[in-house]
Amino acid sequence: MPQLTLELERKLTTAVERMPAFPKSVQVILEMTRDINCLPRNLVGVIEKDPVMTIKILRVINSAYYGLPNKITSVGQSVVYLGINTIKNLALSFAAVGILPRFNTTGFDIQRYLLHSLSVASIARLLCEKHARAEADPGDCYIAGLLHDFGKVVFAQFMVGEFMKALAITVDCGKPLYEAEIEVIGADHAFVGALLAKKWKFAEPLVNCIRDHHATDAAPSAMLDCLRMADAICRKLAFGDSGNPWREVELASLPTRFGENIETVITALGDLQKIVNDAQAFAQIGTEK
Amino acid sequence: MKVTMWGVRGSIPSPGPRTVRYGGNTTCIEVRSDDDNLIILDAGTGIFPLAQTLLARLPITANIFITHTHWDHIQGLPFFVPLYIPGNTVRIHGAYDLVSMQGIEQVMNVQMQYSYFPIREAELRAGVEYETLTVGNPVSVGDATVTPVLLNHPVPNLGYRVACNGRSMFFTGDHEPWTNIYPPDDPEHANYQAMIDHRYTELYAALGELDLLICDTAYTLAEYPPKIGWGHGSFDHAINLAQRIGAKRLICTHHEPTRSDDELERVFAEAMSRHPEPGCEVMLGREGLEILL
C-alpha cells in the first residue's frame, strides 16, 4: 500500500489549486470570452479538453456547498447546474493563473502528455459507445481518459527532483514509470491522482478508474476496461507520450471484451487519425519552437 | 404566513411617475411566519422602506436570505437600519460563490469598502451572523423552514421555499429556464437535453404543493429570444411553471426597469390572453402587495 505523508498530501492538494492550465485552452478562452455572445458549446468544447480546467470545475461543483444528490462527472453537466456564465468566469479565473510551461526541469513534456490524455479520452469514449454502452456512460469514459494520468503532471510540477529520478529509472532500467514512482516517491501517479480526486469528492467510479488503471488485479468494470484498452492502444500507436511506453508483456492483462487481440480492436475502431489530429491541434504539437 | 412585497423591480431602481403604481424599488420580500418570525428574501432597495417599519418594534431578529449577490438583490443591505442599533440580531444567509471562492460574508465587506460607503462593517452595532447555505439543506426560523434550491442564473442563485404549518411559498430570485446549448443536429444535443430534463424533474419535486409562487418574469415572450442566457424568464415561462407544479397562486416580479406601469399592465394582459385558463390566480407584483397564506 503506497504511503504518503499527511503533510505531502496537503501540499499537493493546495498546489493543484494554484496549478496553471494548458496553453491552448488559456489562449482560446481568453480570445473567445472577449465576445460576450461566445457560443456556450464552443466554450465547453475547450474546457473539456484541458485536464486542469476540468479538474478544477469538477472540484467546485462537487463541493459540499452544492450538496448535489448525484456527483457531477462532466463539464456539460456542470454547465446545466451552474450556468454557462459561471463556468465562463471560472474558466477565466483559471486562465488568469497562467499557463503550464511546455517543459519543466524534469524534462516531462506536457504537450505530449496532453496529446496522450486527449487521445485516450476520445478512444475510451469510442470503445464505450461501440462495446459497453449499456454498462457505462461514454462521457464518463472520456473524463476517465482525460484525467487518468493527472498525477504525473502533479509530480512534474510539484515533486520535481523525485519525478526526474523516476523518469531516469524508467529510461535506464526499462521499468514501468509507476513502479519507478513507487520506488522513489512512495506512491505512483495513479494513487496520487485518485487521492486528489477522492478528496475533491469526484464520482467513485472515476476515482477507482484513476487509481486502478495500472492495477491488473483490480475489480473489472466497463469504464475501467475502456480506459485500460484506450491507454494501451495509444501507447502502442505512440499517440503522445505519457512517459510510460507500451510493452508487449501487457497484452496478457488487457480486457478481452473488445476483441481477440489489440490489433483487431484497433482495426475495428476504424480510422483514428481524426482523433489524433484533433488532439494534436489542441495540444499544439509541433507549433512551438 | 404573511407575504409582503417591498421591491419588485429588476436590475436598477426605477422611481418616478411612470412606475408609481407598481413601484421602483429592487427586490425585497418580507415573510412573517405564523409566530411572527421575520424572514426577508433579498435585500434590494425595497429593504429600506421595510426597515423603517421595523424601527417601531425594536429589538428585532431578522433572517435575511439572499438569492444571489447581484446588486439589485443586495444594494439595500447597508441601509438596513437595524444593523446599526445594538440589541438587534441580523442573520444573513446565502450561497457560496464559486468564482470568488467565498461564502455569503463577502456580501457586506464588498459593499462596505470605505471608498464606496462611509461606515465600515466593523462599525455595525447589531449582532450580525452569516450562514453560507448548502443547497437542499433546510434552515429553521422559529416555526418556519427555509429550503434553498439551486436555480439558473449567471451567478449561483438560490430560490427559497418557505414553509410554515402546512403552508408554503417559493421565491425564485432570478431564474431562467434551462436551454440546450447544442443545436438539435449536434451529437451532444440528446445527452445535454437528458441532463436538462433531470434538472426539471428535480425542480418540480422541490416546488410541489405550493400555495404561492413568486417568479422572475423580466421579459415578454417576444423580448426573450435575444436575451437567452441573461438569466431571466418570461411571463409565459412562469405561468407554464405554475401550471406544471400546480401552484395555487403566481406573482410575477422582477419587472423591467424601463417598463412603465401602463406598459407592464399591457404586456401582462397579452401574456394572460395566451393562457386563458392558467389554473391558478396570476397577478403582478407591486410594492405593498400583501398575501395571507
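Predicted model: local features only at pLDDT ≥ 70, side-chain atom pairs only at ≥ 80, totals over all residues.
The contact between them draws 13 residues from domain 1 of chain A and 16 residues from domain 2 of chain A. On the side of domain 1 of chain A that touches domain 2 of chain A, the largest share, five residues, is supplied by helix α4 of chain A, which comprises residues 51-61. By class, this side of domain 1 of chain A consists of four nonpolar, five polar and four charged residues.

Helix α9 of chain A, formed by residues 150-158, has eight of its nine residues buried and is therefore largely enclosed by the rest of the structure. The buried residues of α9(A) are A:F150, A:G151, A:K152, A:V153, A:V154, A:F155, A:A156 and A:Q157. The packing of two helices is described by the angle between their axes together with the distance between the axes. For α9(A) and helix α12 of chain A (residues 189-199), the axes come within 7 Å and cross at roughly 100°, and the two helices are therefore roughly perpendicular to each other. Residues A:F150, A:G151, A:K152, A:V154 and A:F155 of α9(A) make this contact with A:H189, A:A190, A:V192 and A:G193 of α12(A). In terms of residue class, the contact of α9(A) with α12(A) has five nonpolar, three polar and one charged residues.

Within helix α9 of chain A, the lysine A:K152 was examined individually. With 29 other C-beta atoms within 10 Å, A:K152 is buried, the cut-off for this class being 20 or more such atoms. When its neighbours within four places in sequence are left aside, A:K152 is in contact with A:F108, A:Y113, A:H189, A:S242 and A:G243. By comparison, A:I47 is 105 residues from A:K152 in sequence, and the C-alpha atoms of A:K152 and A:I47 are 20 Å apart in space.

The contact between the two chains takes 24 residues from chain B and 22 residues from chain A. On the side of chain B that touches chain A, α4(B) provides the largest share, namely five residues. The residues on this side of chain B divide into 14 nonpolar, eight polar and two charged.

Several backbone features were also identified in loops of chain B. A cis peptide bond, with omega of about -5°, joins B:L58 and B:P59, and B:P59 is placed in the loop between α1 (47-54) and β4 (61-65) of chain B. In the loop between β3 (38-41) and α1 of chain B lies B:D42, which has a positive phi of about 75° although it is not a glycine. B:D42 has 28 C-beta neighbours inside 10 Å and therefore counts as buried. A positive phi, near 50°, is likewise found at B:E209, a residue other than glycine, in the loop between α4 (189-206) and β11 (212-216) of chain B. B:E209, however, has 12 other C-beta atoms within 10 Å and is exposed.

Note on methods
Residues numbered from 1 in each chain as written. Chains lettered and ligands numbered in written order. Helix = DSSP H or I, 4+ residues; strand = E, 2+ residues; numbered from the N terminus. Axes fitted to C-alpha atoms, helices over the stretch in contact; angles between N-to-C directions. Parallel < 35°, antiparallel > 145°, perpendicular 65-115°, else oblique. Contact = placed C-beta atoms within 7 Å. Nonpolar A, V, L, I, M, F, W, Y, C, P; charged D, E, K, R; others polar.
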